[in-house]
Amino acid sequence: MFHELTDSELARRKRMRIIVACVVVAVCIVAVALFSAMQANAKEQSAVAIHDAIMDSAKQCCAIEGNYPSSLEYLEQNYGLTINHDDYVISYENFAGNIMPTVVVTPR
């Protein structure tokens, strides 16, 4: 048996469709925001890991050779340090051979 929908039932269904569409859009916006935040957090954690790897290599060089390396390239060539220079800007400053260098790693 066919039941014809009344105007109030049609209006109610239309309101429900609008509500569902708004909820779906809101969930998508929240998902994109969370993904963006997680990606930024991962880049920051990677920058910290690179900083720690550079400092560990510099300390190893100082323990073996008696002084800290004068450049980051020296660590890359002689101590197996591998850095993605496309994704990170690295500032390596060495004042003297007996003073620990200053390292700043910044994500691009």
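These are my notebook entries on a predicted model of one protein.

**Entry 1: the outline**

I began by listing the helices and strands. I found 2 helices and 2 strands in the protein, and reading along the sequence gave me the pattern α-α-β-β. Next I looked up how spread out the protein is. Its radius of gyration is 28 Å, while the globule rule gives 13 Å for 108 residues, so the protein is more spread out than a compact globule. I also looked up the spans of the C-alpha trace, and along the principal axes they come to about 95 × 25 × 20 Å.

**Entry 2: surface and contacts**

How much of the protein is buried? I noted that buried residues make up 19% of the 108 residues.

Then I turned to contacts between residues at least 6 apart in sequence: 40% of them join residues at least 24 apart.

**Entry 3: the cysteines**

How many disulfides are there? My count came to 0. I wanted to see why, so I checked Cys22. The closest cysteine sulfur to that of Cys22 belongs to Cys28 and is 12 Å away, too far for a bond, since a disulfide needs the two sulfur atoms within 2.5 Å. Cys62 is in no disulfide either: its nearest cysteine sulfur, in Cys61, is 7.3 Å away. I also noted that Cys22 is partly exposed, at a relative accessible area of 48%.

**Entry 4: Ser57**

I picked Ser57, which sits in helix 1, residues 7-65. Is Ser57 buried or exposed? Its relative accessibility is 9%, so Ser57 counts as buried, the cut-off being under 20%. Setting aside neighbours within four places in sequence, I found Ser57 in contact with Leu75 and Leu81.

**Entry 5: Ile83**

Where is Ile83? I found Ile83 in the loop between helix 2 (72-78) and strand 1 (88-93). Ile83 is buried, with a relative accessible area of 12%. Again leaving out neighbours within four places in sequence, I listed its contacts as Ile50, Ile54, Leu72, Glu76 and Ile90. Of these partners, I noted that Ile50 and Ile54 fall within the residue range of helix 1, and Leu72 and Glu76 within that of helix 2. Ile90 falls within the range of strand 1.

Last, I looked up one distance: Ile83 and Asn41 are 42 residues apart along the chain, and their C-alpha atoms are separated by 19 Å.

Methods
Residues are numbered from 1 along each chain as its sequence is written. This is a predicted model: local features need pLDDT of at least 70, side-chain atom pairs count only at pLDDT 80 or more; totals for chains, interfaces and linings use all residues. Side-chain values use heavy atoms; hydrogens and water are left out. Helices (H or I, at least four residues) and strands (E, at least two) are DSSP runs, numbered from the N terminus. The radius of gyration is taken over C-alpha atoms; the globule rule is 2.2 Å times the number of residues to the power 0.38. Buried means under 20% relative accessible area, exposed over 50%, partly exposed in between (1.4 Å probe, protein chains only). Contact means heavy atoms within 4.5 Å.
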